[in-house]
Amino acid sequence: MSQLEIKNLHVSIEGKEILKGLDLTVEQGKVHAIMGPNGTGKSTLAYTLMGHPSYEVTDGEVIFKGQNVLELEPDERSRLGLFLAFQYPVAIPGVTVANFLRTAINARRRAENPEDKGIPIPEFRKLLKDKMSMLKMDQNFAGRYLNDGFSGGEKKRAEILQMATLQPEIAILDETDSGLDIDALRIVSEGVNALMNKDMGVLVITHYQRLLNYIKPDHVHVMMAGRIVESGGPDLALHLEEKGYEWIREKYEEEAPA
Amino acid sequence: MEEKPKVVVSRTRKAVSTAKEFNFTEADVRAGKDSVASYRTSAWNTFKKLPLPDTSLEAWRRTDIHQLPADKFKFAGGGAFHDLPPVREDLLQPLVADQHGGQIVLLPGGSKIELDEKLAKQGVIFTDLRNAEEKHPDLLAKMIGKTVNVEEGKFSALAGAFAQNGVVLYVPKGVVVEEPLHSVLWGPGTDIAHISHILVLVDDGASVTYVHEAASPDLKGANSMHAGLVEIQVMQNASLKFVELQSWGRHVWNFSHERARVERDGNLDWIFGAIGSRITKNFSELDLAGEGAQGRMSGFYFTDGDQHLDHDTQQNHLAPHTTSDLLFKGALKGKSRSVWQGMIYVAPGAQKTDGYQANRNLVLSDAARADSIPGLEILADDVRCTHGATVGKLEQEPLFYLKSRGIPQKEAEKIVVEGFFDPIFQRIPFEGVRDRFQQYIADKMA
């Protein structure tokens, strides 16, 4: 079974260090949640794992399937099995959801076999239709321009639709609950749960416990000032909900060298 | 008595023209009957009088042609095409439907003409200029020199005086031509001046779709030129869809003056696609001359290497209740440059007009440059005119997003560029033309 191993990850943006030696292992078949106050580097971690060019890795490695993914381009990471559900999905005007997904599927097929002619249209239509029904999405959604003029809920659903279509082995959900009302949150969570299987590991990044009522984590990690400072089971999330982050901050700061 | 101070004016920027002159003489002006003869004489006189344009002229400020080897160019002799590369087969395929109602291929020193008999019986004339000069002098008298004034510039005069051939399309009153008409101007060879004159008259209540394509092989290190005139008249209640595509080789200096006049309640849908040539300077004007006339102009261009494409458009609202809608979109790679300069003019009394113009550019490399200059000149008070011009770069965030889904960099760039052009595709009612533009993008992005 493969796993994503993050070792001593240091990341800077515009010369400022955000991640300061982060260690974390995400196993396939498990849901890991990262919680933490705003500004501790949660989104930096998400973007770095996917290879955003603005984030500079100064030390550490991220091993997946025997490769240091930090040496790969974002598209190579994706084809290796990583997926990031963006907190702020980007609008691509002029490109429909359907065309975009077909292009993404075909990019995978061609990477495996340069002679590949692409997914047959009927097969693709059926695939898309099935995934959209699962996420309770209107079929005409496929003909809209990707994220262009989408509501917050539509954007997040479109992210999960992409995840469902691309079937990653490690999925990172970056604040997927932000901007969602309770109905949208339920639909998105049900989608993630339906996709969950023994070959997929999920890393849920969230500020609030709320999402974890729907997507049950196996492991909960607390992130603070660029590191994982506490790890535990599902109880840890409930504890945080009740007590806030203050007790961890105190504990962590006591431990930290003066 | 105090001496007046002596003022010495020294001009540091002297318009130095190192341009060569054309060697064409009056003997090169093809003989014609009556109206054609007098038209050509006046064009010749204008040609003689005007110097080659230089950058001191506002319209040519951004397009410098002083390196044009004008003295090298000669006209192709009769049958010259026999010794030159043949027309590319793909250019002959129908672009906007399964089959053509007619097709004309203009070659150096020759032409091929086909027209559906049914259309010929209905009185549709679709032939080349030389043939029309022989057989339809009265019709030509109603078309030649009727929209483009040869005095507009050196190249309009040149094309008027020396047109080697061209296309004449006439659709009689009330005739609806279903199958599109197609012409190809194939310009192979080097040091050749390809000169074309296209004349279209769609009579009252008639309608037609016409596609004209100019192309040539790509010849590095060589020079050829094209100068063309396009004169269009869309009469009352008539409708014309006109698609023009140019994929001239990188050695071609391309100049054209085009003007369409639309009469009362007439409708023109005018589509431009430009990917070729070394330099293009195109003047395209839309005259909305009759009340209720409508015109739409949609332009697609994509430059790379050291190409330079300059489109100068004008939407003239000359009557009340007229509508114009222009959108030109271009992408640029390499060290290429594009210029779009547009003007909406509303004449006094042309009330209730609605004019729109927009130019959008996507600059894909640091060394490329797009100039976008919109303009309005409004002499009526109850009008609605809007315009917009943008020059943008390929943004990092959409590319990262697409790549994060497994799409490689080059393909991601292509997707973003296609998305950029989508508003133009949306305006084009022909799948074949849209496919052609997609192909242009794929070729340029490869």
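This is a predicted model: local features need pLDDT of at least 70, side-chain atom pairs count only at pLDDT 80 or more; totals for chains, interfaces and linings use all residues.
**View 1. Chain A as a whole.**
Let us start with the complete chain before zooming in. Chain A contains 8 helices and 10 strands. Its radius of gyration is 18 Å, close to the 18 Å that the globule rule gives for 258 residues, so chain A is as compact as a globular protein of that length. Along the principal axes, the C-alpha atoms of chain A fill a box of roughly 60 × 40 × 35 Å. Buried residues make up 43% of the 258 in chain A. If we take the contacts in chain A with a separation of 6 or more, 71% of them are between residues 24 or more positions apart.

**View 2. An open sheet in chain A.**
Which strands form this sheet, and in what order? There are 6 strands, arranged as E6-E7-E8-E3-E9-E10 of chain A, and their pairing is mixed. Strand E6 (82–85) and strand E10 (227–232) of chain A are the edge strands, each pairing on one side only. On average, neighbouring strands of this sheet are turned by 20 degrees against each other, with direction ignored. Look next at strand E9 (residues 219–224) of chain A, which runs antiparallel to E10(A) and is joined to it by 5 bridges. One pair to find is A:Met223 with its bridge partner A:Ile228 in E10(A).

**View 3. Helices against the sheet of chain A.**
Helix H1 (residues 42–50) of chain A lies across several strands: strand E3 (31–35), E6, strand E7 (170–174), strand E8 (201–206) and E9 of chain A. H1(A) runs at about 140 degrees to E6(A). Helix H7 (residues 234–243) of chain A also packs on the sheet, where it touches E3, E9 and E10 of chain A. The direction of H7(A) makes about 45 degrees with that of E9(A).

**View 4. Two packed helices in chain A.**
Two packed helices are described by the angle between their axes and the distance between the axes. For helix H3 (residues 97–112) and helix H5 (residues 152–166) of chain A, the angle is about 35 degrees and the axes are 10 Å apart. The crossing of H3(A) past H5(A) is right-handed. On the H3(A) side you will find A:Val97, A:Leu101, A:Ala104 and A:Ile105, which meet A:Ala158, A:Gln162, A:Thr165 and A:Leu166 of H5(A). Sorted by class, this contact of H3(A) with H5(A) has 6 nonpolar, 2 polar and no charged residues.

**View 5. Two residues with a positive phi.**
A:Asn147 is in the loop between helix H4 (121–134) and H5 of chain A. Its phi is positive, about 60 degrees, although A:Asn147 is not a glycine. Is A:Asn147 buried or exposed? A:Asn147 has 22 C-beta neighbours inside 10 Å, so it counts as buried. In chain B, B:Asp265 has a positive phi of about 55 degrees, although it is not a glycine. B:Asp265 is in the loop between strand E10 (252–262) and strand E11 (267–274) of chain B. With 20 C-beta neighbours inside 10 Å, B:Asp265 counts as buried.

**View 6. Two packed helices in chain B.**
Helix H1 (residues 34–49) and helix H5 (residues 154–162) of chain B pack at an angle of about 140 degrees, and their axes are 8 Å apart. H1(B) passes H5(B) in a left-handed crossing. From H1(B), the residues in contact include B:Tyr39, B:Trp44 and B:Phe47, while those from H5(B) include B:Lys154, B:Leu158 and B:Gly160. By class, the contact of H1(B) with H5(B) has 7 nonpolar, 2 polar and 2 charged residues.

**View 7. A covered strand in chain B.**
How many residues of strand E8 (residues 224–234) of chain B are buried? The count is 11 of its 11 residues. Both faces of E8(B) are covered, with B:Val230 and B:Ile232 among the buried residues on one side and B:Leu229 and B:Glu231 among those on the other. Strand E6 (residues 193–202) of chain B runs parallel to E8(B), and 10 bridges join the two. Here B:Ile198 has B:Val230 in E8(B) as its bridge partner. E8(B) also pairs with E10(B) in the parallel sense, over 11 bridges. One of the bridge pairs is B:Met225 with B:Trp253 in E10(B).

**View 8. Where chains A and B meet.**
This contact takes 18 residues from chain B and 21 residues from chain A. On the side of chain B that touches chain A, helix H6 (396–403) and helix H7 (409–427) of chain B each supply at least two residues. The largest share of that side, 7 residues, comes from H7(B). By class, the side of chain B that touches chain A has 8 nonpolar, 4 polar and 6 charged residues.

Methods. Residues are numbered from 1 along each chain as its sequence is written. Chains are lettered from A and ligands numbered from 1 in the order in which they are written. Two residues are in contact if their C-beta atoms, placed from the backbone, lie within 7 Å. Helices (H or I, at least four residues) and strands (E, at least two) are DSSP runs, numbered from the N terminus. Ala, Val, Leu, Ile, Met, Phe, Trp, Tyr, Cys and Pro count as nonpolar, Asp, Glu, Lys and Arg as charged, and the others, Gly among them, as polar. The radius of gyration is taken over C-alpha atoms; the globule rule is 2.2 Å times the number of residues to the power 0.38. A residue is buried if 20 or more other C-beta atoms lie within 10 Å of its own, exposed if 12 or fewer, and partly exposed in between; C-beta atoms are placed from the backbone. Axes are lines fitted to C-alpha atoms, for helices over the stretch in contact, and angles run from 0 to 180 degrees between N-to-C directions. A crossing is left-handed if the near helix is turned anticlockwise from the far one by less than a right angle, and right-handed if clockwise. Two strands pair if DSSP finds at least two bridges between them.
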